[in-house]
Amino acid sequence: MDYTNQRPPQNYSQMDDQKTQDLEESVSETIMRDLKMIAYKLKYVLIPKEQEDNGKELRNWDLWGPLIFCLVLAMTLSFKAESTTTSTKSDVFAIIFVLIWVGAFIVTLNAQLLGGKVSFFQSVCLLGYCVFPINIEAIIIAFFGSYLPFLVKLIPVFLCFAWSAYSSVGFMASLVPPHKKKLAVYPVFLFYLFLSWFSLIV
Amino acid sequence: MNQKNEGVEMKLMMEKDQEQISQYDITKAAHPGICFFHIFFKFCAFFSYLFLGLIIKSTLFQYILIMIFHAFDFYTVKNITGKFLVGLRWYSDFTPKGDEIWRFECFDKCKRSKIDSSVFWTFQFGASCAWAFFVFTNVLSFEFVDILFAGIGASLSWINLWGFYKCSKDQQRKMKGVQSYLTKKGLQMAVQS
């Protein structure tokens, strides 16, 4: 790993000019810029038509998007959880939180061990952004769940799970050798399946 | 003579003490607002971890608030206070080949004072040690949630500390590099003349 801060050659990343401008930004500009980047990356990850460059944008990973979605999901599910005792709600929050981060870590580790050449944070970033459809589904069920029969509730759950899985599998599969694709993709399916199911039954 | 010497010594000691205290006088810092926020989010995180249970009965809201304060503290230190208070920045970048590298940069253009940097380093280091202490004490109590939040606080603080430490080491290396270059040049000129 290269720790120098010598001026890189001109054909280095195009971000260099932008980064020198960042130094003089005010605080509000920094925050707005980061928020816009999160929104842009979300669109990029979830709407495959937006990608013209095969996932290169993901190299500017950030973990703030995943943190926000993780917090929103955990809050949605814990507000909705049955409060037989006050400890249940906070348990759900802690469970979801740990589940998302540890699950993303394990799935990434699995992909790396299978020979995938992917940066650890890039993959966690991707998995975190793909949690967004599960967020949508959790909010729908939280608001309308009590009015709908169980089978009807399954429809948004399944659709959002398919959306998450499809968005993330595209990236993950491209990172590992072809004969190991299914091994890398299977934990991703499991991860989102568990999250969707959890948000349905809580 | 002796008494006069002692008087001078006492005066010097008192001046030194005052200087040390005024090192933390935020009102004289170059960026007082930013110093305040640097301390404020850390304080909120510690306060909510230790005492929020006495104010808000719902444990869920306690957890949410602690997580939010951790996140705000990390974001503020990494992106805002590091840049304005000590002129350092660290982030990950990628080469054209797609490999990831970490950049640690320092820059001298923004105005900052010794007060800014002492506030920055003291509170960052102090908070990191305090969270590590909480993790250690909570591990013995087997209270998983406490370990979780103290652990998150500790890891975020230490990550920031490590990143900025690497930046400042780079800064020192750059200074030494400049010095050795200048001495080499000086020697060359001396030899030529």
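1. Helices (H or I, at least four residues) and strands (E, at least two) are runs assigned by DSSP and numbered from the N terminus. Over residues 183-201 of chain A the chain is 100% helix and 0% strand, with 28 Å between the end C-alpha atoms.

2. This is a predicted model, in which local features need pLDDT of at least 70 and side-chain atom pairs count only at pLDDT 80 or more, while totals for chains, interfaces and linings use all residues. Residues are numbered from 1 along each chain as its sequence is written, chains are lettered from A in the order in which they are written, and side-chain values use heavy atoms, without hydrogens and water.

3. An unreviewed UniProt entry places the feature "transmembrane region" at several spans of chain A, including 126-148 and 183-201; such annotations may be inferred rather than shown by experiment. Residues 126-148 of chain A are 74% helix and 0% strand, and their end C-alpha atoms lie 32 Å apart.

4. Helix H2 (residues 32-55) of chain B spans only 30 Å between its end C-alpha atoms, whereas a straight helix of 24 residues would span 34 Å, the expected span being 1.5 Å times one less than the number of residues. H2(B) also has a kink of about 55°, centred on Tyr49(B), where the bend is the angle between axes fitted to the seven residues ending at a residue and the seven starting there.

5. Among the buried residues of H2(B) are Cys35(B), Phe41(B) and Tyr49(B), buried meaning under 20% relative accessible area (1.4 Å probe, protein chains only).

Definitions and conventions
Buried means under 20% relative accessible area, exposed over 50%, partly exposed in between (1.4 Å probe, protein chains only).
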